[in-house]
Structures are given as C-alpha cells and as structure tokens.
Amino acid sequence: MPRIPERVASHEFHFDLIMAGFVRVHSGKVRDTYWRPGADWLLVVATDRVSIFDLVMPFTMDRKGEFLVAYTVLCLTEILKNIDHHLLAYGNSIDKYLNSVKLRDNIGLQKRAIVVRKEQVILIECVVRGYLTGSGWKEYQLAGEVCGNKLPDGLFDGARLPEPIFTPTIKAAEGHDDPLNVRDVDPELARRSIEAYKQGAKYALTRGIIIADTKFEWSKKLLVDEVLTPDSSRFCLEEEWKACSALRQSPPSYDKQLIRNWGLQVETPWGKLDSLDPEQEGLDPVIKEAQYAFIGQLQIPAEILQLTGVRYETILSRLSGHSLPEFQQKYMGIR
C-alpha cells in the first residue's frame with residue numbers, strides 16, 4: 001500500500017464504517033476500500049487526497065472525491081454502458097448495502113462511495129494514448145517509440161497519433177509503476193482497452209473534449225476501478241488543442257496537470273520531487289523515512305488547488321451537460 005501522510009490518512013466516514021462491521025482492506029493513493037465479512041462486494045470511498053508522481057501529498061483538494069465518483073458513474077452508466085463493469089450501486093442506491101442506520105441517508109457518503117463487485121484485478125495499468133504527451137512524449141524523444149510501439153518521426157508534444165496505442169505499465173505495490181513492452185502483455189487486454197478508449201474518446205469529442213490518454217484496469221472479464229476521470233486521464237479542449245497544434249505545442253490540460261506542474265518545481269535534498277522514490281530497492285531506511293518526512297511537510301498554494309477544481313468541473317459539465325450538484329441530483333438520486 002502507498003505511504004499516506006498522517007494528516008490525510010483518514011476521512012470522516014471511516015470510524016462509522018468500522019463501527020458498522022466494515023474492514024478497511026486497502027488504502028490506495030486516493031480511495032479506501034472496505035469489505036463486510038461474508039459479502040461478495042466492496043464499498044469504495046473516494047477521498048479528497050491528491051497524488052502526483054506516485055506519491056500521496058499531505059494536502060487535499062475540496063470535493064475531489066465527489067468529482068471522481070461522478071466521472072466514474074457517468075462513464076460506466078452512460079459513455080461506456082455497453083462494457084461489462086464492476087459497479088453495483090452509487091448515490092442513494094448504496095444504502096441497501098449498508099447495515100447501519102447512521103450510514104444510511106448520509107448524503108456525504110452517497111456522494112463519495114460506490115459499491116462494486118469483489119473482483120481479482122489484473123495488476124497491469126492499461127494505458128491507452130491517442131495523443132503523444134506526458135511520459136509517452138519523454139519516451140518518444142529518447143527512442144522514437146513508446147512501450148514497444150514504433151511511432152512516426154517528427155511528432156511533437158500534444159500530437160495526435162495515427163491510431164491509439166496501448167502502453168501498459170505494471171502496478172507496483174510501492175513506488176513508481178514500471179513500463180511494459182506491449183508484446184509482453186495479453187493482446188486481449190490491449191484490444192479491450194483500445195476499444196474502450198475509442199468509445200470514450202468518440203463521445204468526448206462530440207462535447208468538444210479530447211482525451212489525450214487514459215488508464216483502465218480490468219479483472220478477468222470486467223472493467224474495474226475509476227474510469228475516464230481527471231486522475232486517470234489527460235483531457236484538453238478541442239478548440240485549444242487545434243490552436244496549439246498549429247504551433248506544434250501541447251495544449252493546457254484539464255486534469256491534475258496544474259498540481260504536477262507545481263510538483264515539478266519542488267526541490268528536495270535528494271533531487272526533484274518527480275524523481276523521488278522512497279520505496280526504491282536498497283534505499284537506506286533512514287533516508288527513506290527522511291524523504292517521507294519531507295513529503296509530509298509540503299504545502300501547495302491554495303489557488304492551484306482551486307484552479308484544478310475548476311478544471312475538473314469544466315470537463316464534467318461538458319461531458320454530462322450538468323454541474324456537479326446537478327449531476328449528483330439527476331444521475332445519483334442525491335437531493
């Protein structure tokens with residue numbers, strides 16, 4: 001499990017869930033997963049935690065968990081509704097899975113929690129790229145390819161690819177995920193992931209949104225975890241992409257890129273924040289703890305978090321046609 005700074009490790013519903021007999025079986029970078037012994041389903045709570053460079057930051061972003069749940073609900077019930085997935089309940093429908101009066105009719109929990117099938121997740125991050133940017137751009141500059149996908153010469157940061165490519169990584173228990181060569185991964189995973197990306201990207205484009213890349217996770221048969229969220233995807237506006245593309249430049253991202261940009265400027269005693277990996281093999285335990293202590297004291301300007309929230313809201317409203325409160329009322333039955 002990732003190391004989570006103490007000040008953001010818990011959330012307001014944790015104690016009541018434990019008192020109702022739930023067991024927290026996993027704390028992810030952003031989501032906490034609970035299981036009630038004997039159940040064949042899980043309750044997943046999306047917190048306001050922020051992660052960049054596979055590190056959990058010691059601050060939160062207001063309503064982030066609500067946004068992530070709304071995106072996933074929209075994508076699994078509307079945009080990708082013909083793809084089998086793990087989602088069982090969301091919004092006010094989670095109440096029938098809750099055995100405590102104190103947990104039922106809890107609007108805050110309804111906004112942040114979903115109930116999902118208990119599945120064995122394949123430990124591969126199924127990244128699909130339709131546009132070249134981020135770590136894909138860095139790899140292309142070095143080798144002219146990304147995860148074994150040979151690409152044309154002369155591309156630029158933000159360029160549209162001739163066809164979407166599958167660029168998987170292996171999920172690490174701790175630290176940074178590692179890239180995989182596409183030839184070392186089950187072709188069926190690639191096929192399913194590319195098809196899901198194409199379907200999502202086609203829908204988004206009708207709303208003036210480009211999905212540059214995204215990450216999917218699968219069990220043997222089902223699409224699982226978060227889907228087409230600003231945490232797992234890079235979004236941009238089509239009109240901004242066109243203007244920047246004419247100049248061979250990358251457009252502004254409508255995801256957590258503003259927070260990444262802040263992180264890229266953070267200097268640590270061990271180098272840049274984005275190169276820090278406290279869980280690297282062989283690292284002196286004293287240095288490891290010192291790095292985590294340094295991360296735990298970081299502070300980010302409030303306006304960066306606020307602007308990031310505006311960008312999360314912008315994409316959701318374009319994709320769904322509703323503000324976050326409107327979406328929660330119409331799609332999730334939350335009054």
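**Close-ups of side-chain contacts**

The model is predicted: local features need pLDDT of at least 70, side-chain atom pairs count only at pLDDT 80 or more, and totals for chains, interfaces and linings use all residues. Residues are numbered from 1 along each chain as its sequence is written, and side-chain values use heavy atoms, without hydrogens and water.

**View 1. Lys29 and Asp54 form a salt bridge.** A salt bridge is a side-chain nitrogen of Lys or Arg within 4 Å of a carboxyl oxygen of Asp or Glu. Here the closest N and O atoms are 3.7 Å apart. The pair links distant parts of the chain, 25 residues apart. Asp54 is partly exposed, at 29% relative accessibility.

**View 2. Lys215 meets Asp225 in a salt bridge.** The N to O distance is 3.5 Å. Lys215 sits in strand 14 (residues 209-218). Strands are DSSP runs of E, at least two residues; helices are runs of H or I, at least four; both are numbered from the N terminus. Lys215 counts as buried because its relative accessible area is 14%. Asp225 is partly exposed, at 28%.

**View 3. Glu239 and Arg318 join two helices.** Their salt bridge spans 3.0 Å, N to O. Glu239 lies in helix 6 (residues 238-246), and Arg318 in helix 9 (residues 302-320). Glu239 is partly exposed, at 43% relative accessibility. Arg318 is partly exposed too, at 30%.

Definitions and conventions: Buried < 20%, exposed > 50% of the residue type's maximum accessible area, 1.4 Å probe, protein only.
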